[in-house]
Amino acid sequence: MPATPASSSEPRGEGGIVFVTVGTTDFDPLLRAADEAAPRLGLPVEFQIGIGAYEPRGGAWVRHVPSLDPYYDRAAVVVAHGGAGTILEVLRRGIPLVSAENPDRPDRHQRDLIGHMAERGRLIWCEDLSRLDDAVKRALAMPRPEPLVTPPPRVHEVVGDFLGAIARREDRRAAARRWRGKRLE
Amino acid sequence: MTDGGESDRRIRILIPLGEGGHSKEILHLVSLLGDRYDYHYMMVREDPMSTDRLPVKGRVHRCHRPHLKERHQWKALLGYGVLALHSAGILLRARPHALVHAGPAMTIPVSVLCKIFRIPIVFIETGSRVHTASRTGRFLYGLADLFLVQWPELQEEIFPDACYAGLLL
């Protein structure tokens, strides 16, 4: 039904939206669970559905967008798959997050970061999609979290040093050994 | 080779681009490394990512994409065979001085070939790995010259010889 994408500039009421995102792949069980829960959440729900087959009826949806920022700006809570990029960008913005693992991803790796952040109280891990509405309500009831701060990457310093050694035809083993077991904060 | 001398040569780096998160990480690294190097990118034919999104321009080499979830295992194996042939062709054309990547599994054939041809390998374990290693990561731990992780926990718990230098995601 609502094949028109949600207008990103349209302002919403005070409460904001529940934004459901599955990233670039498909995660129909999450979309279906959120769609079924939508009438009970008390806020408008909008979906980004990726390449999935399920088309939600409980709110506006869009397949892919160049940037999720306009949605994040209006979101009171984000409901998302467990992709690392999404988890980090939502937590860095200080938006309450409900994460669900996509069990179709290779060796169920999404459990790793979701579990890590859930243990630290950074997000709510919805392990049972039939109880997604409880998880969203808990996320809405919690105070707005402090934005997550991660140190800026220094990977390029290490890789640049190693590539420099190759460019100068130095011993690459010695160059690699300089960084073995090191921890740059 | 035409370059040489005392100062740094301009070197060629081969960057395999896998899927979503892996590509995002490695392209962020390319943007941080800047244009001091000549980049060659290896992408699967079906990759929907536009080459406009490459932070530093470079030659794009297309390759076959094997499917691990293939119903018949021999089909997946055959897919990796085709990818290995493409990878060898790309190495001959690009003649890189180093291979830099962050997975996923489609980077394994090119990594093995680089090891055989003594081309240095830099591997960054993907940022979704905090306490558990990816299979590609475990494999590359024995292969890579320089091995980085994006969480200190992973260095402590699984890869003690790795270097931790922050998150690329």
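This is a predicted model: local features need pLDDT of at least 70, side-chain atom pairs count only at pLDDT 80 or more; totals for chains, interfaces and linings use all residues.
Trainee: How many helices and strands does the secondary structure of chain A come to?

Mentor: The order of elements along chain A reads β-α-β-β-α-β-α-β-α-β-α-α-α. Counted by type, the secondary structure of chain A comes to seven helices and six strands.

Trainee: What percentage of the residues in chain A is buried?

Mentor: The C-alpha atoms of chain A fill a box of roughly 65 × 35 × 30 Å along the principal axes. Chain A exposes about 8900 Å², and carbon and sulfur atoms supply 50% of this area. A residue counts as buried when its relative accessible area is under 20%. Of the 185 residues in chain A, the buried ones make up 51%.

Trainee: Which kind of aromatic pair do Phe19(A) and Tyr72(A) form?

Mentor: The structure holds eight aromatic pairs over all chains. For Phe19(A) and Tyr72(A), the ring centres lie 6.1 Å apart and the planes stand at 75°. Planes over 60 degrees apart count as edge-to-face. The pair of Phe19(A) and Tyr72(A) is therefore edge-to-face.

Trainee: How many residues apart in sequence are the parts that Phe19(A) and Tyr72(A) tie together?

Mentor: Both Phe19(A) and Tyr72(A) are buried. Phe19(A) belongs to strand β1 (residues 17-21) of chain A, whereas Tyr72(A) belongs to helix α2 (residues 69-74) of chain A.

Trainee: Which residues form one aromatic cluster with Phe123(B)?

Mentor: Phe123(B) lies in strand β5 (residues 121-124) of chain B and Phe147(B) in strand β6 (residues 146-149) of chain B, so their pair ties together parts 24 residues apart in sequence. Phe123(B) is buried at a relative accessible area of 0%, and Phe147(B) is buried at 6%. The residues that form one aromatic cluster with Phe123(B) are Tyr141(B), Phe147(B) and Phe159(B).

Trainee: Is Val82(B) buried, exposed or partly exposed?

Mentor: Val82(B) has its place in helix α2 (residues 73-94) of chain B. Together with Trp74(B) and Leu78(B), Val82(B) forms a nonpolar patch on the surface, with about 320 Å² of accessible area. The relative accessibility of Val82(B) is 30%, so this residue counts as partly exposed.

Trainee: Which three residues supply 14% of the area that chain B buries against chain A?

Mentor: The contact takes 45 residues from chain B and 37 residues from chain A. About 3700 Å² is buried between the two chains, and carbon and sulfur atoms give 59% of this area. The three residues that supply 14% of chain B's buried area, more than any other three, are Arg9(B), Leu146(B) and Tyr164(B).

Trainee: Which residue of chain A forms a salt bridge with Asp145(B)?

Mentor: Side chains of opposite charge can pair when their charged atoms come close. The count between chain B and chain A is three salt bridges. In one of them, the closest N and O atoms are 3.0 Å apart, and the partner of Asp145(B) is Arg172(A).

Trainee: Where in chain A does Arg178(A) lie?

Mentor: Arg178(A) meets Asp161(A) in a salt bridge of 3.2 Å, N to O. The pair links distant parts of the chain, 17 residues apart, with Asp161(A) in helix α6 (residues 155-167) and Arg178(A) in the segment after α7 (172-177).

Trainee: Which residues are joined into one network with Glu101(A)?

Mentor: Glu101(A) and Arg111(A) meet in a salt bridge of 3.0 Å, N to O. Glu101(A) counts as buried at 11% relative accessibility, while Arg111(A) counts as partly exposed at 35%. Salt bridges that share partners join Glu101(A) into one network with Arg108(A) and Arg111(A).

How values were computed. Residues are numbered from 1 along each chain as its sequence is written. Chains are lettered from A and ligands numbered from 1 in the order in which they are written. Side-chain values use heavy atoms; hydrogens and water are left out. Rings of Phe, Tyr and Trp (its six-membered ring) pair if their centres lie within 6.5 Å; planes under 30 degrees apart count as stacked, over 60 as edge-to-face and the rest as tilted. Helices (H or I, at least four residues) and strands (E, at least two) are DSSP runs, numbered from the N terminus. Buried means under 20% relative accessible area, exposed over 50%, partly exposed in between (1.4 Å probe, protein chains only). Patches are made of residues with over 30% relative accessible area and no salt bridge: like charges are joined within 9 Å, nonpolar side chains (Val, Leu, Ile, Met, Phe, Trp, Tyr) within 5 Å. Accessible areas come from the Shrake-Rupley method with a 1.4 Å probe; for residues, only the protein chains shown count as cover. A salt bridge is a side-chain nitrogen of Lys or Arg within 4 Å of a carboxyl oxygen of Asp or Glu. Contact means heavy atoms within 4.5 Å. Buried area is the accessible area (1.4 Å probe) that two parts lose on being put together, summed over both.
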